[in-house]
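Here is a short report on one chain. Look at the sequence and structure first, then read on.

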Amino acid sequence: MRGKVKIQEIADFAGVSKFAVSRALSGKNGVSERTREMIMKAAGQLGYFKNNEPARFTGELNEHEDMKRSGTIVVLFPNVRYQNRDSVYWGPVFDGVNARLSQRGMDIITLTEPSGEHVFSLLKPEAIQGVITIGSVSTQILLDIKRMNIPVVMIDHSDPALHCDTVFSDNFSCVQELMTKLISKGYRKFQYVGSINDAPSYFERWLAFRTTLESYQIELNQDPQLIGPDAQDMYLLFSKIKLGELPEVFVCAHDVNARYLIEELNKLQIQVPEQCAVTGYDNTCDNYPILATVNVNKELLGMRAVDQILWRILNPSSSYEKKLIYGDIIIRDAYAHPIASMETVM
């Protein structure tokens with residue numbers, strides 16, 4: 001077995017000084033929040049936080065009975081990138097968590113905008129059964145949760161700093177099926193749009209996009225700017241690049257991305273779907289000409305996270321699990337881009 005990860009290894013991997021790594025890991029001032037978060041992620045990827053994790057075992061498993069239980073679950077719902085109750089995506093996820101906890105008779109404490117260090121210092125770990133996180137959570141907050149040594153389930157997020165159970169939409173399989181349907185309709189020229197490093201789900205969707213093209217021997221001519229950090233801001237993105245030959249389909253990381261893309265294309269006098277088609281994911285913008293999307297059962301994501309936290313409470317030493325919820329592929333032929341060749345490969 002390899003030994004403990006050294007500070008210098010993290011510094012070399014992250015491309016920063018040993019001093020910066022030391023300050024970040026100890027929680028001291030002297031590095032920016034962005035650099036601290038990057039160092040924490042690098043440390044997690046190298047296994048720095050694994051050293052004190054207990055050994056897992058696969059033995060007899062306990063099942064929670066279909067009855068009400070007592071106790072309190074903390075639901076961490078940080079307002080990051082519109083992660084709030086008003087969101088057409090995140091709101092229903094929270095509703096699913098809340099409804100399921102109510103069915104099980106569990107008390108709920110909701111933290112919506114945690115700030116500062118050691119956000120859980122005022123909570124008594126012995127009074128909390130577990131923590132469910134919804135959406136993106138900073139590595140520093142996850143490390144605070146880890147110190148509580150209680151069960152955790154993350155919805156639509158993962159971080160190498162904290163190994164725990166997760167619940168995701170089946171991003172890879174759904175985009176793979178969506179792409180296969182598009183290819184079967186004759187489309188051959190694609191561009192992916194979305195910051196692929198902004199969330200694990202977006203990266204998985206990008207991998208499915210790329211893998212499906214390769215499996216059908218379709219050349220990938222991806223513009224790197226369309227998957228970089230500026231892809232979150234469509235106005236900024238299109239002010240920097242010059243669109244050359246339009247693809248037949250822009251495949252966006254999610255529906256909100258697709259909506260902004262369509263609006264910016266219209267400003268450039270590029271009509272959708274007459275000149276190109278646009279797809280999304282999550283099915284949250286059905287009043288826009290989005291050719292295809294994936295309808296995610298958002299409430300079910302929340303409900304299954306509650307089921308998993310209750311199961312984890314009874315089986316604290318079993319191996320961590322990743323649950324995948326499959327979505328329904330929606331194709332809206334009314335928004336199809338009229339392409340010259342309609343040959344299929346299916």
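## Helix H5 and its surroundings

The buried residues of helix H5 pack against helix H3 (33-45) and strands S1 (72-76), S3 (130-134) and S4 (152-155). Packing here is contact, meaning heavy atoms within 4.5 Å. Buried means under 20% relative accessible area with a 1.4 Å probe, protein chains only. Helices (H or I, at least four residues) and strands (E, at least two) are DSSP runs, numbered from the N terminus.

H5 spans residues 139-148, and eight of its ten residues are buried, so the rest of the structure largely encloses it. Those residues are Thr139, Gln140, Ile141, Leu142, Leu143, Asp144, Ile145 and Met148. Asparagine 149 follows H5 with a positive phi, near 55°.

## Basis of the model

This is a predicted model; local features need pLDDT of at least 70, side-chain atom pairs count only at pLDDT 80 or more, and totals for chains, interfaces and linings use all residues. Residues are numbered from 1 along each chain as its sequence is written, and side-chain values use heavy atoms, leaving out hydrogens and water.

## H4 against H10

Which residues of H4 meet H10? They are Pro92, Val93, Gly96, Val97, Ala99, Arg100 and Leu101. Their partners in H10 are Lys298, Glu299, Leu301, Gly302, Met303, Val306 and Asp307.

## The whole chain

The chain holds ten helices and eleven strands. Of its 346 residues, 49% are buried. Among contacts with a separation of 6 or more, 69% join residues 24 or more positions apart.

How values were computed:
Buried means under 20% relative accessible area, exposed over 50%, partly exposed in between (1.4 Å probe, protein chains only).
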